[in-house]
Amino acid sequence: MQEQLRLTREKENEWAEKVDSYVRSIPDFPEPGIIFRDITTVTQSADGLKTAIDAMEAHVDWLKDEIDVIAGLESRGFIFGMPVAKDLHKGFVPIRKKGKLPCETVSQSYDLEYGSAEIEMHMDSIKPGQKVLLVDDLIATGGTIEAGIKLIEKLGGEVVGCLFLIELAGLKGRERLKGYPVESVVIYEGK
């Protein structure tokens with residue numbers, strides 16, 4: 001078991017290095033001292049995008065039989081959640097910004113650094129008891145993903161995991177999601 005765990009860590013490090021090689025890091029944006037992790041350099045490369053999706057799928061391989069549906073947060077959660085859903089042969093549910101969905105919705109507000117925002121899902125998008133994998137490109141403070149979890153739970157769904165391409169560990173979003181499995185491909189220690 002110990003050897004198997006070590007090999008898993010080695011594979012995780014290998015995936016992280018591969019994906020990190022496609023991420024563009026921009027210092028002092030949007031303000032001094034911040035390093036912006038740009039994923040457009042990942043998605044604009046066919047190899048980068050395939051590597052990112054493959055890495056994300058590898059991180060939830062242990063969970064794939066538990067998942068009924070995948071939900072992604074607007075908009076970059078759509079970019080990564082849809083191909084993961086396709087490859088795992090699962091349905092995909094979009095979590096949208098307020099006012100974007102045409103049918104009856106359930107909503108959840110959450111705090112931003114300077115204000116608040118609201119996200120919504122269709123009332124019929126998650127069935128009671130469905131097990132949901134929640135996907136986004138990045139976890140920072142965890143506020144948006146926490147709001148997504150609350151939405152899914154309002155509809156009777158069970159969040160069995162949260163999957164991210166990038167984690168900014170210095171912003172402690174993982175701590176906000178205690179009780180939920182969190183998988184991140186690349187973890188940056190700073191903000």
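Visitor: How many of the 7 residues of β9 are buried?

Guide: 6 of them are, so β9 is largely enclosed by the rest of the structure. Buried means under 20% relative accessible area, exposed means over 50%, and partly exposed lies in between, with a 1.4 Å probe and protein chains only. Strand labels come from DSSP: strands are E runs of at least two residues, helices are H or I runs of at least four, and both are numbered from the N terminus.

Visitor: What kind of model is this?

Guide: The model is predicted, so local features need pLDDT of at least 70 and side-chain atom pairs pLDDT 80 or more, while totals for chains, interfaces and linings use all residues. Residues are numbered from 1 along each chain as its sequence is written, and side-chain values use heavy atoms, with hydrogens and water left out.

Visitor: How do I read the sheet, and what is its strand order?

Guide: Start with the general idea. Strands of a sheet pair through backbone hydrogen bonds, either parallel or antiparallel. Here, two strands pair if DSSP finds at least two bridges between them. The sheet is open, with 7 strands in the order β5-β6-β4-β3-β7-β8-β9 and mixed pairing. Strands β5 (105-112) and β9 (182-188) stand at the edges with a single partner strand each, so one side of each has no neighbour in the sheet. On average, neighbouring strands are turned by 20° against each other, direction ignored.

Visitor: Which strands does β8 pair with?

Guide: It pairs with β7 in the parallel sense over 8 bridges. It also runs parallel to β9, joined by 6 bridges. For landmarks, Lys 131 has Glu 158 in β8 as its bridge partner, and Glu 167 stands opposite Ile 187 in β9. Strand β8 is mostly covered, with 10 of its 11 residues buried.

Visitor: Where do β3 and β7 meet, and over how many bridges?

Guide: Strand β3 (residues 69-73) pairs with β7 (residues 131-139) in the parallel sense, over 4 bridges. Val 69 has Val 132 in β7 as its bridge partner. Helix α5 (residues 143-154) packs on the sheet and touches β3, β4, β5, β6 (115-122), β7 and β8 (158-168). Its direction makes about 155° with that of β5. Contact means heavy atoms within 4.5 Å.

Visitor: How are packed helices described?

Guide: Two packed helices are described by the angle between their axes and the distance between the axes. Axes are lines fitted to C-alpha atoms, for helices over the stretch in contact, and angles run from 0 to 180 degrees between N-to-C directions. Helix α3 (residues 46-59) packs against α4 at about 60°, with the axes 10 Å apart. From α3 the contact uses Leu 49, Ala 52, Ile 53, Met 56 and Glu 57. From α4 it uses Phe 80, Pro 83, Val 84 and Asp 87.

Visitor: How many aromatic pairs does the structure have?

Guide: A search of the whole structure finds 2. In one, the ring centres of Phe 29 and Phe 36 are 5.4 Å apart and the planes stand at 85°, so the pair is edge-to-face. In the other, the ring centres of Phe 78 and Phe 92 are 6.0 Å apart, again with planes at 85°, so this pair is edge-to-face too. That pair links distant parts of the chain: Phe 78 is in helix α4 (residues 76-88) and Phe 92 in strand β4 (residues 91-97), 14 residues apart. The cut-offs: rings of Phe, Tyr and Trp (its six-membered ring) pair if their centres lie within 6.5 Å; planes under 30 degrees apart count as stacked, over 60 as edge-to-face and the rest as tilted.

Visitor: Which charged ends sit over rings?

Guide: Lys 18 has its charged end over the ring of Trp 15, 5.0 Å from the centre. Arg 37 has its charged end over the ring of Tyr 188, 3.7 Å from the centre. The test asks for NZ of Lys or CZ of Arg within 6 Å of the ring centre and within 35 degrees of the ring normal.

Visitor: Where are the cis peptide bonds?

Guide: One joins Phe 29 and Pro 30, with omega about 5°. Pro 30 is in the loop between β1 (24-27) and β2 (35-38). Another joins Glu 74 and Ser 75, with omega about -10°. Ser 75 is in the loop between β3 and α4.

Visitor: What is the phi of His 89, and where does the residue lie?

Guide: Phi is near 55°, a positive value in a residue other than glycine. His 89 lies in the loop between α4 and β4, and counts as exposed at 73% relative accessibility. Lys 172 also has a positive phi, about 60°, although it is not a glycine. Its loop runs between β8 and α6 (173-176).
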